[in-house]
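This briefing goes through the fold of one protein chain, from its overall dimensions to individual contacts. Please keep the sequence and the model in view while reading.

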Amino acid sequence: QVQVVESGGGLVQPGGSLRLSCEASGNIVSMNGMGWHRQGPGKQRELVAFIGSAGLINYADSVVGRFTISRDNAKNMVYLQMNSLKPEDTAVYFCTALVRTTQGLGNYWGRGTQVTVSA
């Protein structure tokens, strides 16, 4: 059993910043890739940022230069620093963790944290 829990969402004005955190815990043998997805109102869920176990990083074009993903392997945590936020960044942000347990490899999702960008 693996739990993935996000924190750090909230209400911020356009141009502001937020830092999201995500912790994976449970029966973890090793952590592989970790990432952030989001789903805005009336929109499909999309990948925002991904960081592999070796540190390879990929961003959605819409967040390049504004968002930064990082991870702490010792703590099984991933972070998303979001700067210069825009109203179109409003969404529920979900953390994902590709985890190897004693039962094998699985992709685990958190329940999400709301980010609202509004004046």
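Thr-96 lies in strand E9, which covers residues 91–101; strands (E, at least two residues) and helices (H or I, at least four residues) are DSSP runs numbered from the N terminus. The model is a predicted one, in which local features need pLDDT of at least 70 and side-chain atom pairs count only at pLDDT 80 or more, while totals for chains, interfaces and linings use all residues. Residues are numbered from 1 along each chain as its sequence is written, and side-chain values use heavy atoms, with hydrogens and water left out.

- Once neighbours within four places in sequence are set aside, the contacts of Thr-96 (heavy atoms within 4.5 Å) are Gly-33, Met-34, Gly-35, His-37, Asn-107, Tyr-108 and Trp-109.

**The chain as a whole**
- The chain contains 11 strands and zero helices.
- Its radius of gyration is 14 Å, close to the 14 Å that the globule rule gives for 119 residues, so the chain is as compact as a globular protein of that length; the radius is taken over C-alpha atoms, and the rule is 2.2 Å times the number of residues to the power 0.38.
- Along the principal axes, the C-alpha atoms fill a box of roughly 45 × 25 × 25 Å.
- Of the 119 residues in the chain, 41% are buried.
- Among contacts with a separation of 6 or more, 55% are between residues 24 or more positions apart.
- The accessible surface, calculated by the Shrake-Rupley method with a 1.4 Å probe, comes to about 6200 Å², and 49% of this belongs to carbon and sulfur atoms.

**The open sheet of four strands**
- Four strands, in the order E1-E3-E8-E7, form an open sheet with antiparallel pairing, where two strands are said to pair if DSSP finds at least two bridges between them.
- Strand E1 (2–7) and strand E7 (67–72) stand at the edges with a single partner strand each, so one side of each has no neighbour in the sheet.
- Strand E3 (residues 18–26) is joined by six bridges to strand E8 (residues 77–82), with the two running antiparallel, and Ser-21 has Tyr-79 in E8 as its bridge partner.

**Strand E11 and its partners**
- Strand E2 (residues 10–12) pairs with E11 in the parallel sense over three bridges, and the bridge partner of Gly-10 in E11 is Val-115.
- E9 is also joined to E11 by three bridges, but these two strands run antiparallel; here Tyr-93 has Thr-113 as its bridge partner.
- The covered face of strand E11 (residues 113–117) carries Thr-113, Val-115 and Val-117, whereas Gln-114 and Thr-116 are on the uncovered one.

Notes:
Buried means under 20% relative accessible area, exposed over 50%, partly exposed in between (1.4 Å probe, protein chains only).
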